[in-house]
Amino acid sequence: MTEKPRIWLSSPHMGGQEQKFVQEAFDTNWVAPLGPNVNDFEKDLERYSGVSHAAALTSGTAAIHLALILLGVERGDEVLVSSFTFSGSINPILYQNAIPIMVDSEPDTWNLCPDSLEEAIKDRIGKGKKPKALVLVHLYGMPAKLKEILSICNQYGIPIIEDAAEALGSSYQGKKLGGFGDFGIYSFNGNKIITTSGGGALLSNNERWIEKSRFLATQARDQAPHYQHSEIGYNYRMSNIVAGIGRGQMLVLDEWVQKRRNVNRFYRQILREIPGVTFLTEPSDQYFSNYWLTTITIDEKETGIDREKVRLGLMDQNIESRPLWKPMHKQPVFESYPYYGNHFSEQLFETGLCLPSGSNLTEAELERVKNTLTTIFEI
Ligand SMILES: *Cc1c(COP(=O)(O)O)cnc(C)c1O
């Protein structure tokens, strides 16, 4: 029996114009870090996000790292972070030798719980240290409860780094995510909604910060004919080749968002009648998700099958699916750091599954996933 071709969770989807921009870079010999594609990709990002300044970098993780540095986070400082996330949100806090204070999620958006956030802030202040920043994650493309969270952070004077790595194209109250915090970050890793093969961006309305981030990202070279340094620098700048891919991807971003949303609707139609299957859903018309990944939870008591049975059933048909993120406060490397919340994300990790969600899924592939799910759930 020949194996059926693999159906991926989320694979790169080129729009067709990417190679033209890469070719331009070759034709003009801008095969370098920096160049016209980088400048234009940054302008594309500024225009799209509505944030005035963007720096194209090697990764989303690098963008978070630079944001922390620009906010003055140093050894021993405390930084609040969503616990239900990918490790790229939290690792840069440790690069600064700072202390991550992990805060759990609430059930409506699966993102940071405002009540737990306020509890954490009060408790940390009571213990003698006000957190220096919050890394706020919009997971799977779903906007967090921004109104409540912004109000709390304003009240206590805590700057926000919006981790919109998975949420490019999502918006809240009609405004694009990445533009609410003091900083926003995007990722263009291979599995994200658009990709440059690997890359990221740092955004802010504060021009000085973004200029400084470009300086730090190119080894912090002072103005001088020789190499002169008075600060620690990093090699975090996006290359002109990679940015060419990004320029091509920006041309199709809105279309890809629509396709992901269509995939999400497709799964809802298949699974809507199954009691015990719950979708991560926009809580109101204030929330617009790019539905980067379609995510469900499976209540074994109601469905009679657990998450692993569904995952393995899909794997049998060579269809990739994945448990939801394992929360950071349950990761061996972070579990000794402070945590606040009601452990909701642990339940998500136990029962949750990400379904194949690429914008490049064909009708035949979706049909294969549908037939497999129909068999597993005995619909
Ligand atoms: C992908 C991702 C990152 C890191 O982005 P990279 O470009 O892979 O470094 C950070 N946070 C979240 C939530 C992500 O999904």
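## Helices α2 and α8

Helix α2 and helix α8 cross in a left-handed way. A crossing is left-handed if the near helix is turned anticlockwise from the far one by less than a right angle, and right-handed if clockwise. Helix α2 spans residues 36-49 and helix α8 spans residues 240-250; their axes come within 8 Å and cross at roughly 35°. From α2, the contact takes in P36, N37, V38, D40, F41, D44, L45 and Y48, and from α8 it takes in N240, A243, G244, G246, R247 and M250. Contact means heavy atoms within 4.5 Å. The α2 and α8 contact has 7 nonpolar, 4 polar and 3 charged residues.

This is a predicted model, residues are numbered from 1 along each chain as its sequence is written, and local features need pLDDT of at least 70, with side-chain atom pairs counted only at pLDDT 80 or more, while totals for chains, interfaces and linings use all residues. Side-chain values use heavy atoms, and hydrogens and water are left out.

## Helices α1 and α8

Helix α1 (residues 18-27) also packs with α8, at an angle of about 150° and with the axes 7 Å apart. Axes are lines fitted to C-alpha atoms, for helices over the stretch in contact, and angles run from 0 to 180 degrees between N-to-C directions. So α1 and α8 are roughly antiparallel. Angles over 145 degrees count that way, those under 35 as roughly parallel, 65 to 115 as roughly perpendicular and the rest as oblique.

The α1 and α8 crossing is right-handed. E18, F21, V22, E24, A25 and F26 of α1 meet N240, I241, G244, I245, R247, G248 and Q249 of α8.

## Helices α11 and α13

Helix α11 covers residues 307-316 and helix α13 covers residues 363-377; they pack at about 135°, with axes 10 Å apart. The two helices are therefore oblique to each other. On the α11 side, V310, G313 and L314 make the contact; on the α13 side, V369, T372, L373, I376 and F377 do. These contact residues divide into 6 nonpolar, 2 polar and no charged.

## The cavity

How many cavities of 30 Å³ or more are there? The count is 1. A cavity is a set of points on a 1 Å grid over the protein atoms alone where a 1.4 Å probe fits but cannot get out. The largest cavity holds about 40 Å³ of space. Its lining residues, each with an atom within 4 Å of a point, are L9, Y140, L293, R322, P323, L324, W325 and C354. By class, that lining has 7 nonpolar, no polar and 1 charged residues.

Terms used:
On a 1 Å grid over the protein atoms alone, a cavity is a set of points where a 1.4 Å probe fits but cannot get out, and a pocket is an open set with protein on both sides within 12 Å along at least five of seven lines; lining residues have an atom within 4 Å of a point. Grid points are joined across faces, edges and corners, and a volume is the space filled by probe spheres set on the points. Ala, Val, Leu, Ile, Met, Phe, Trp, Tyr, Cys and Pro count as nonpolar, Asp, Glu, Lys and Arg as charged, and the others, Gly among them, as polar. Helices (H or I, at least four residues) and strands (E, at least two) are DSSP runs, numbered from the N terminus.
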